[in-house]
Amino acid sequence: MIADRYGATHVDALKALELRGGGIVPTDTYVKASAVVYAIYAIQFFGIPEKFITDHFDVTPDAMHIFLARGSGVAIAGVAYAMYTFDIPLKYLVAYNALVGLVYPWNAAYISKLPVKYPMHYVPEVLMAGLTVAGLLAL
């Protein structure tokens, strides 16, 4: 067995990963990070829907857009609370984050080809990709 310059071996690293559940990213950190991301988006959707929409899309939101965004903010807040409070299996959380990325930012930009505003719309695209990759590393 070969030890690194600090005396740790490959087996030591594997044992450390096994103690945390096997993933490179700690599960509790991933869950908390996901909950915080959704809480921030919930606050924006609920509290400043018009600004949020005009920051990310080249449109002028009407009353219907603002109504739907506020309602979505409440639902997203519930998701953030559930992530933080309940013991949701990691594989479901990772799948949920990937699906949200697909349905919201990636769909808007690449599938539905909505009039997204760059560079601002890169934030949710990269954020959801990062959460998805981090989740896969946590499994």
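Is aspartate 55 buried, partly exposed or exposed? At 26% relative accessibility, aspartate 55 counts as partly exposed, a class lying between buried, under 20% relative accessible area, and exposed, over 50%, with a 1.4 Å probe and protein chains only.

Before I continue, a note on the basis: this is a predicted model, in which local features need pLDDT of at least 70, side-chain atom pairs count only at pLDDT 80 or more, and totals for chains, interfaces and linings use all residues. Residues are numbered from 1 along each chain as its sequence is written, and side-chain values use heavy atoms, without hydrogens and water.

Aspartate 55 forms a salt bridge with lysine 51, with 2.7 Å between the closest N and O atoms; the term requires a side-chain nitrogen of Lys or Arg within 4 Å of a carboxyl oxygen of Asp or Glu. The structure holds one such bridge. Both residues lie in helix α3 (residues 49-56), four residues apart, about one turn of the helix; helices are DSSP runs of H or I, at least four residues, numbered from the N terminus. Lysine 51, at 46% relative accessibility, is likewise partly exposed.

I turn now to the helix packing. Helix α2 (residues 27-47) packs against helix α4 (residues 63-85) at an angle of about 160°, the axes being 7 Å apart. Axes are lines fitted to C-alpha atoms over the stretch in contact, and angles run from 0 to 180 degrees between N-to-C directions. The two helices are therefore roughly antiparallel, the term for angles over 145 degrees. Their contact, meaning heavy atoms within 4.5 Å, includes Tyr38 and Phe45 of α2 and Ile76 and Met83 of α4.

Note on methods: Parallel < 35°, antiparallel > 145°, perpendicular 65-115°, else oblique.
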